[in-house]
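Please read it alongside the sequence and the coordinates.

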Amino acid sequence: MIKFPNPDIIADAINSYGNAPSTDTLTKVLEAFSILMQEAAEVLIPVVEEDEQVSLLTLMNENNQTFVIGFTSEYQAKAAGYDTTISRRWTDYLSMILEIEGCAGLCVNPGDKFPFSIQKLMINALIAESEKEAFKNSISLFKGDITTLKVDCIVNAANNSLLGGGGVDGAIHAAAGPDLLAECRILQGCPTGQAKITNGYKLPAKYVIHTVGPIYNVNSEDPRHTQERTELGSCYRSCLELAKVFHIHSIAFPCISCGAYGYPLDEATKIAFIETVQWLNENPNYGMQVTFVCFNDEAYNVYETVINKAQNPDPDAPNFMTLFAGMAQGQAKN
C-alpha cells in the first residue's frame with residue numbers, strides 16, 4: 001500500500017511512536033517538534049471567548065496533572081471538535097506554557113488515536129535545542145547523478161503525464177523503482193510550471209518533487225519567450241513552496257527543460273538562479289539548502305559563471321539579474 005507524504009510531521013511521528021513505542025520513534029517525535037520550532041511554524045490553540053476575554057482550554061490526565069492543548073493542523077482540531085482556535089508560533093506557545101503555574105505541560109492532538117503529552121522539562125530542552133541549531137539558506141553546485149544525492153528531496157524534470165520518460169525523468173524512475181510510477185499514476189498528471197510530490201522509495205532522497213518545464217518554441221513570435229520564461233520560473237518557485245509545506249530543508253534541482261525540451265542552457269540557468277535567490281530572500285530563516293545538479297561540464301561551467309557574476313557583479317555593466325528578472329515577468333522594454 002502506498003503511504004503518501006504527510007506535511008503534518010508531528011502527527012505523523014506521534015502516530016509512528018504510538019504504533020511502535022521505542023527510543024527511536026520518540027526521538028523522531030522530538031525532532032519533528034524541533035524542526036517546526038526552527039521554521040517558526042505555528043500551532044493551533046483551542047480557546048474559549050467570554051466577555052472579550054480569551055481562555056486556554058485544559059485537560060487533566062490520570063495523575064491529576066493539568067495540560068494545555070495544542071493541535072498540529074486544522075484537521076486535527078476539527079476532528080477533536082474544536083472550531084475556535086488561535087495560532088501562535090510553537091516556540092512562543094511552549095515558552096508561555098513554562099510560565100503558567102499549575103500547568104504540567106502540553107497535550108498535542110487530544111482526541112486523536114495517539115495523543116501526546118510533553119512535560120515542562122522536555123519543553124525546556126526543546127527550546128534550548130531550537131535556539132542552538134539555526135537553519136541556514138545556501139546554494140551549491142554538483143556535477144553528477146542526481147539520483148545518488150543524499151538530500152531530503154530531488155526534483156524530477158517530468159512530463160505532463162508524470163508517468164516517466166527519458167533523460168533525468170527516466171533515471172529517477174529507474175532508481176526509485178516501480179512504486180514511484182504506481183504513486184505517480186494516482187496524481188493524474190501535472191500542468192506545466194506546477195509541481196507535485198511523491199515518496200522517494202529506493203532513492204537516497206526521502207521525497208521526489210515532480211515539475212513540468214516548458215517546451216522551448218524556437219519559432220515563437222515573442223522574441224523574449226515570455227510564456228516559457230514565466231513557466232520555467234514557476235517550476236522552481238512551485239518546487240520550493242511545496243518543499244516548504246513538507247518541511248524539506250535540502251533540495252536538488254536538475255537543469256529543468258534543458259534536455260529534450262530545448263531550453264537554452266544559459267537562459268534557463270539564469271531563471272533558475274533568479275527564482276531560487278528570490279525565494280530564499282523571501283524566506284531568510286527557513287533554512288533551505290539548494291543544490292543545482294549539472295549533468296556535464298558545460299552545464300556546470302554555465303551555472304558557475306552565473307553564480308560568480310551574481311556574487312561579483314561588474315560595476316560598469318548592467319545588472320543582468322535585474323534585467324533578466326524584469327524580462328521573466330514580461331516587463332522588459334524594447
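Ser-73 is buried, with a relative accessible area of 18%; buried means under 20%, exposed over 50% and partly exposed in between (1.4 Å probe, protein chains only). This is a predicted model, in which local features need pLDDT of at least 70 and side-chain atom pairs pLDDT 80 or more, while totals for chains, interfaces and linings use all residues. Residues are numbered from 1 along each chain as its sequence is written, and side-chain values use heavy atoms, without hydrogens and water.

**Ser-73**
- Ser-73 sits in the loop between E4 and H3; helices (H or I, at least four residues) and strands (E, at least two) are DSSP runs, numbered from the N terminus.
- The side chains of Ser-73 and Asp-8 are joined by a polar contact of 3.4 Å (N or O atoms within 3.5 Å; within protein, one able to donate a hydrogen and the other to accept it, and residues adjacent in sequence counting only if both atoms are side-chain atoms).
- The Ser-73 side chain also reaches the backbone nitrogen of Gln-76, at 3.2 Å.

**Aromatic pairs**
- The whole structure holds 10 aromatic pairs (ring centres of Phe, Tyr and Trp, its six-membered ring, within 6.5 Å; planes under 30 degrees apart are stacked, over 60 edge-to-face, the rest tilted).
- Phe-71 and Tyr-82 form a tilted pair, 5.4 Å centre to centre with 45° between the planes.
- Phe-71 is buried at 0% relative accessibility, whereas Tyr-82 is partly exposed at 25%.
- Phe-253 and Phe-292 form a tilted pair at 6.2 Å and 35°, and both are buried.
- Tyr-17, Phe-33, Trp-90 and Phe-116 are linked into a cluster by ring pairs.
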